[in-house]
Amino acid sequence: MEHSSSCDFNTAGSGGLTKRFKESAAGLGVVLTDEQLQNFQRYYQELDLWNSRFNLVASTESAEEVFVKHFLDSLTLVPFLPLPDGRLLDIGTGGGFPGIPLKIAIPGLKVTLLEASRKKVSFLKSLCRILKLEGMSILQERLESLLKEESSRDCFDMVVSRAALKLPQYLQAAGGLVSPSGSIFAMKGANYRTELDDVSDILTDWNLVLTDVHTLTLPRGGDFRAILIFKKLQTHLTFRGPAATRI
């Protein structure tokens, strides 16, 4: 079953970048308050301030590209997150994507950001203080180390990553961190079918099942995105087929 909607970031209104971002988010079903929009503006300002030293986003990206390719892209997960007050782990968060945009949009989430780079962790801690985000945990740690910690096993209701790892490595790791009833979200590009083929025969070895695929196209550049949702096998869910969304 396929679902589609449309929102053109370039022509969504004449009120400037923030208004276009708000309307594009609404096209995803994400309603942002003025306070939340101000947080995204502050987020961009901090990215711009720190980026020359820490390489958080591409130096050639304009403000509009950051709002679309990073903020709006992160928000595409919002309609599919099952627990607005659940524990969410963002693996390889980098500049905070998608974890911090998700936290801004859903304040009740308990978000853990995993990032190995000391410099990027410094940025993330500073940003969370500036935005006054509560219920945040920032770990300067490699994924391999986190997997060895007993307290982190089967701990998170939701595990997300924005293409930080190849799908096989990501799923094998996330399967050990997500709770028995939790969900794993993989954010992929146009080659997602090839990556799914690479894991189709070994998902059961990791006690995982693919339950949903949602595809969409980001405004402005038309970048393709696929959101892959996995669960542990004991939840007895089956894949319902791909659903397409166009924003």
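In which sense do E1 and E4 pair, and over how many bridges?

Author: The model is a predicted one, in which local features need pLDDT of at least 70 and side-chain atom pairs count only at pLDDT 80 or more, whereas totals for chains, interfaces and linings use all residues. Residues are numbered from 1 along each chain as its sequence is written, and side-chain values use heavy atoms, with hydrogens and water left out.

E1 and E4 pair in the parallel sense, over three bridges; two strands are said to pair if DSSP finds at least two bridges between them. Strands (E, at least two residues) and helices (H or I, at least four) are DSSP runs, numbered from the N terminus. Within this pairing, Leu89 has Val159 of E4 as its bridge partner. E4 is also joined to strand E5 (residues 178-188) by five bridges, and these two run parallel, with Met158 finding its bridge partner in Ser183 of E5. Because six of the six residues of E4 (residues 156-161) are buried, this strand is largely enclosed by the rest of the structure; buried means under 20% relative accessible area, exposed means over 50%, and partly exposed lies in between, using a 1.4 Å probe and protein chains only.

In the loop between E4 and helix H7 (167-177) lies Arg162, while Asp73 lies in helix H3, so the pair ties together parts that are 89 residues apart in sequence. Asp73 and Arg162 form a salt bridge in which the closest N and O atoms are 3.0 Å apart, the term standing for a side-chain nitrogen of Lys or Arg within 4 Å of a carboxyl oxygen of Asp or Glu. Asp73 is buried, with a relative accessible area of 3%, whereas Arg162, at 22% relative accessibility, counts as partly exposed. The backbone oxygen of Asp73 is also reached by the side chain of Thr76, at 2.6 Å. Thr76 itself sits in the loop between helix H3 (63-75) and strand E1 (87-91), and at 1% relative accessibility it counts as buried.

Elsewhere, salt bridges that share partners join Asp73, Arg162 and Arg225 into one network.

Terms used: A polar contact is a pair of N or O atoms within 3.5 Å; within protein, one must be able to donate a hydrogen and the other to accept it, and residues adjacent in sequence count only if both atoms are side-chain atoms.
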